[in-house]
Amino acid sequence: MLGAIALALSMAAWGPQAVAAPEDDLSGLSEAQLESAEQPGVPGVDEIRTSRNVKHVANVPKQAPFTSSSTWTDVAFQSGYAFDGNYDGFTIYDIRDPRQPKVVSSVLCPGSQNDISVKDNLLFLSTDSSRSDNSCASTPLAASNKDAWEGIKVFDISDKRNPRYIASVETKCGSHTHTLVPDKKGKDVYLYVSSYSPNAAFPDCQPPHDLISIVKVPLKNPTAASLLGERVLFPDGGNPGRSGSVATGYVSATSGCHDITVYPSKDLAAGACMGDGVLWDISDRENPREISRVQDDVNFAFWHSATFNNTGTKVVFTDELGGGGAATCNEAIGPNRGADGIYDVTGRGDDRELVFRSYFKIPRHQTDTENCVAHNGSLIPVQGRDIMVQSWYQGGVSVWDFTDSSRPREIGFFERGPLPNGAGGGTWSAYYYNGYVYSSDMAKGLDVLDIRDPRVLTAKLVRTDELNVQTQGHYRELFR
């Protein structure tokens, strides 16, 4: 313990400037440094290729009860464990030794996409496929049937070897994703439930659905979890959208949100809502209030997710052009579509605005059989810089620096070669937790990566017990 404290003090004295790239190289490593350790060109099937500063240290392949068709999705972390969602349930991994992760338990509970979060001894899952009931033995049932169920499931994970299903809450249009929002007294948590694509034929998912649902969970009595209500966030209907194709471009009409990231200590939330990017004030957790809203009808097809920088002065929004199933990381689509949009948050209070600065897209072109587009990522807790790790499906995992909002640059990567027979897959989520990157690969399972780069060295000192990436904390609060 004393050694760890001494190391922390030594690093603090050294300071972030000592490990940053030179001032004339803020945009990232040189081409030589980024050169793959393997030969140039497209990697072979299942061949792993990385930049020199990224090491692949472990993989846990898909295991029973999940079949080859089961898709891995999002990840949450707590006390040296990773909780990995799957269209058919979830798995708990022991990652206290990141180089030898082990499966602790797996829960079969179908209901795509099983977006996941954890709080203390509770785990929450999102169900966004119409089911016959709210049980883990449910079967598919058409959304046109009034008896169909979608929403939030709650598990007790106090015994990680034997999670217990304890509660459920039905929500309009189901729960594609959810965001855990702690209250200010530590008594309750709220779940901001994002869902979309209403249809007049669906009794529980009626148009216009310009809202989110809010679920309230009393931490001391989680079985009393209930629907607090819905909050209309787009009274004007939001972006009306524009038809088109992946090749020609299109804009999704706003009918709800895809994902929301909150920054509780700053009372802020950023919403990626199909055709709109939004900044909200969440000082009243039960009533989010819009501060600023932006649209990009030239290059953004589907506002998918959002990430704040540590100071809350920037937001990275992702565009999931093609819905994650298309090959968009190629010369034909170009660098500005299916990319990240970097926005500065300017002004103060209610006068804050989202101001566009630049796009970022991985510079490594993929083949026309590889689904590739911007997807889920997290901030790497580096002192004094804005560096992010991010999934790009079959484009792999990218490490990139947006300290200069106008000049983002990839500084590291991990990827596999194309899946055989043109199959879809790749990494769904890549998150930094306590010194390592954990990537949930749709087909390959859990990958663990080690970034060995002086610019992220200070992140190795940051430890946090619990991490839900869409519930952002501040680094200083994480130092111990």
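A disulfide is taken here as a pair of cysteine sulfur atoms within 2.5 Å. The structure holds 4 disulfides, and a search of the whole structure finds 19 aromatic pairs. This is a predicted model, in which local features need pLDDT of at least 70 and side-chain atom pairs count only at pLDDT 80 or more, while totals for chains, interfaces and linings use all residues. Residues are numbered from 1 along each chain as its sequence is written, and side-chain values use heavy atoms, with hydrogens and water left out.

**Disulfides**

- With bonded cysteines counted along the chain, the disulfides follow the pattern 1-2, 3-4, 5-6, 7-8.
- The sulfur atoms of Cys-109 and Cys-136 are 2.1 Å apart; the S-S torsion is about -80°, so this disulfide is left-handed.
- Cys-109 lies in the loop between strand 6 (102-108) and strand 7 (113-119), and Cys-136 in the loop between strand 8 (122-131) and strand 9, so the pair ties together parts 27 residues apart in sequence. Strands (E, at least two residues) are DSSP runs, numbered from the N terminus.
- Cys-109 is buried, at 0% relative accessibility, whereas Cys-136 is partly exposed at 23%. Buried means under 20% relative accessible area, exposed over 50%, and partly exposed in between (1.4 Å probe, protein chains only).
- Cys-173 and Cys-205 have their sulfur atoms 1.9 Å apart, and with 100° about the S-S bond their link is right-handed.
- The disulfide of Cys-257 and Cys-273 (S to S 2.1 Å) is right-handed, with 75° about the S-S bond. Both cysteines, Cys-257 and Cys-273, are buried.

**Aromatic pairs**

- Rings of Phe, Tyr and Trp (its six-membered ring) pair if their centres lie within 6.5 Å; planes under 30 degrees apart count as stacked, over 60 as edge-to-face and the rest as tilted.
- Phe-90 and Phe-155 have ring centres 5.2 Å apart and planes at 75°, so the pair is edge-to-face. Phe-90 is in strand 5 (residues 89-94) and Phe-155 in strand 9 (residues 149-156), so parts 65 residues apart in sequence are tied together.
- Both Phe-90 and Phe-155 are buried.
- Phe-356 and Tyr-359 make a tilted pair, 4.7 Å centre to centre with 50° between the planes. Phe-356 is partly exposed, with a relative accessible area of 34%.
- One aromatic cluster is formed by Phe-300, Trp-303, Phe-317, Tyr-343, Phe-356 and Tyr-359.

**Charges over rings**

- A charge sits over a ring if NZ of Lys or CZ of Arg is within 6 Å of the ring centre and within 35 degrees of the ring normal.
- Lys-266 lies over the face of Tyr-263, 5.5 Å from the ring centre.
- The charged end of Lys-460 is over the ring of Tyr-436, 4.9 Å from its centre.

Note on methods. Helix = DSSP H or I, 4+ residues; strand = E, 2+ residues; numbered from the N terminus.
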